[in-house]
Amino acid sequence: MLKLFVTGGAGFIGSAFIRLALAARPDCQVINFDALTYAGNPDNLTGLDAERHCFVHGDIANRDQVLAALPDDTDALINFAAESHVDRSIVSADEFLRTNVLGTQVLLDVARARGIRRFVHISTDEVMGSLPEDENAFFTEASPFAPNSPYAASKAAAEHLVRAAHHTHGLDTITTRCGNNYGPRQFPEKLIPLFIANALADEPVPVYGDGRNVRDWIYVDDHCRAILLALEKGESGATYNIGARNERRNLEVVESLLRALDKPASLIRYVKDRPGHDRRYAIDPTKIEMELGWQPQETWESGLKKTIQWYADNPEWIARARSGAYREYYARQYGVEVSAR
Ligand SMILES: NC(=O)c1ccc[n+]([C@@H]2O[C@H](COP(=O)([O-])OP(=O)(O)OC[C@H]3O[C@@H](n4cnc5c(N)ncnc54)[C@H](O)[C@@H]3O)[C@@H](O)[C@H]2O)c1
């Protein structure tokens, strides 16, 4: 029996990971511990096997709640829980420090107290800052930390705490750093679901600045397969960069989507750039490829096709995710209204 304690499992990547782990490992049982912030969506959990998935509402920064929920026969704790949106961290960083930094330390402390076998921390390439646009430079596991947003700084701090818990207390840890994920069930403030949802509703598609910022895109299930592999076969204390060698300019992403949806380029609206917007991220995944034999299964084309199909098939999910607080946020951020369709 593989007993997993997943934090942030009602979010985009955490819920994809739970689906994947339950499907790939029939002996796997998951406790899903999530505070259900604006980004935590119970709709992401529909259809999960209730015999093997148990949801617990709780906050990773609340030690008593984590202590009450984490059984001592847990094989691994996988920490996805985070405030994850850069734009929100620019408006206010408080929650980012509370959840991403203090929350991670609480999990490390409780994992140690409970004797949890392995602690897997999900991080981001953004801890390494921005790469020059035209150079053949990539993020490796040895790249220096250079976070440029409060979000990235909080994730960098969390990585340091994970490293310290391994070094000082001998906790068995794995850290994974990934680039931009796309796929089903991503909260529609993020770039690809935002573009798809707006284009499907014939609404303008906002693009920051000149649209030339480069991101390294990976289909969410490929990321989750890499996490499962690192959890089962990774070396204690190691960091693994996860990327699909798929660099795209934001404008290229929006053009691919509009083409696939048969929508006109006139929907594109350039909006004022975000402060401190990193220019280029690009991941060198050689280590996880060579050491663990991981390879992405989706191409950009196949992943995008699956993603578009999922959002087109699930208008109810989009409408519910886009209601309430999201609409106020969107109007404030982009200066335009969004309908709840
Ligand atoms: N989305 C990406 O492209 C990407 C890329 C690299 C790394 N990451 C990292 O992967 C992880 C998951 O990202 P995501 O896109 O699924 O995020 P998300 O915002 O969709 O989900 C985050 C989840 O964490 C929960 N949460 C927030 N604060 C909490 C708290 N205090 N206690 C318990 N639960 C809490 C939310 O309710 C939500 O379910 C994050 O750590 C993020 O930094 C994301």
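These legends describe close-up views of a predicted model.

View 1. Gly8 sits in the loop between strand 1 and helix 1. Gly8 is buried, because 27 other C-beta atoms lie within 10 Å. Leaving out residues up to four places away in sequence, Gly8 touches Gly14, Asp34, Phe80, Ala81 and Ala82. Of these, Ala81 is 73 residues from Gly8 along the chain, yet their C-alpha atoms are separated by 3.7 Å.

View 2. Seven strands form an open sheet in the order 3-2-1-4-5-6-10, and the pairing is parallel. Strand 3 (53-57) and strand 10 (239-242) are the edge strands, each pairing on one side only. From one strand to the next the twist averages 20°. Helix 1 packs on this sheet and touches strand 1 (2-7), strand 2 (28-34), strand 3 and strand 4 (76-79). The direction of helix 1 makes about 165° with that of strand 2.

**View 3. Pairing of strand 5 with strand 6.** Strand 5 and strand 6 (residues 173-178) run parallel and are joined by six bridges. Within this pair, Thr124 has Cys178 of strand 6 as its bridge partner. Helix 7 (residues 220-233) packs on the sheet here, touching strand 4, strand 5, strand 6 and strand 10. The direction of helix 7 makes about 160° with that of strand 6.

View 4. Strands in the order 7-9-11 make an open sheet of three, with mixed pairing. Strand 7 and strand 11 (247-249) are at the edges with a single partner strand each, so one side of each has no neighbour in the sheet. The twist averages 50° from one strand to the next. Strand 7 pairs with strand 9 (residues 214-219) in the parallel sense, over three bridges. In this pairing, Asn180 stands opposite Trp217 of strand 9. Helix 8 (residues 250-261) packs on the sheet and touches strand 9 and strand 11, its direction making about 85° with that of strand 11.

**View 5. Helix 7.** Helix 7 packs on the seven-stranded sheet and also lies across strand 7 and strand 9, running at about 70° to strand 9. Its 14 residues reach 20 Å from first C-alpha to last, close to the 20 Å expected at 1.5 Å a residue. Helix 7 is mostly covered, with eleven of its 14 residues buried. The buried residues include Val220, Asp221, Asp222, His223, Cys224 and Arg225. Further along helix 7, Ala226, Ile227, Leu228, Ala230 and Leu231 are buried as well.

**View 6. Glu298 and its contacts.** Glu298 has its place in the loop between helix 9 (286-292) and helix 10 (300-313). Glu298 is buried, because 20 other C-beta atoms lie within 10 Å and the limit for a buried residue is 20 or more. Apart from neighbours within four places in sequence, Glu298 is in contact with Tyr219, Asp222 and Gly303. Leu102 is 196 residues from Glu298 along the chain, and the two C-alpha atoms are separated by 35 Å.

**View 7. Loop residues Asp202 and Asp262.** Most residues other than glycine have a negative phi. Asp202, although not a glycine, has a positive phi of about 55°. Asp202 lies in the loop between helix 6 (191-200) and strand 8 (205-208). Asp202 is exposed, with 10 other C-beta atoms within 10 Å. Asp262 is not a glycine either, and has a positive phi of about 60°. The loop that holds Asp262 is the one between helix 8 and strand 12 (268-271). Asp262 is exposed, with 7 other C-beta atoms within 10 Å.

Conventions: Residues are numbered from 1 along each chain as its sequence is written. This is a predicted model: local features need pLDDT of at least 70, side-chain atom pairs count only at pLDDT 80 or more; totals for chains, interfaces and linings use all residues. Two strands pair if DSSP finds at least two bridges between them. Helices (H or I, at least four residues) and strands (E, at least two) are DSSP runs, numbered from the N terminus. Axes are lines fitted to C-alpha atoms, for helices over the stretch in contact, and angles run from 0 to 180 degrees between N-to-C directions. Two residues are in contact if their C-beta atoms, placed from the backbone, lie within 7 Å. The expected span of a helix is 1.5 Å times one less than its number of residues. A residue is buried if 20 or more other C-beta atoms lie within 10 Å of its own, exposed if 12 or fewer, and partly exposed in between; C-beta atoms are placed from the backbone.
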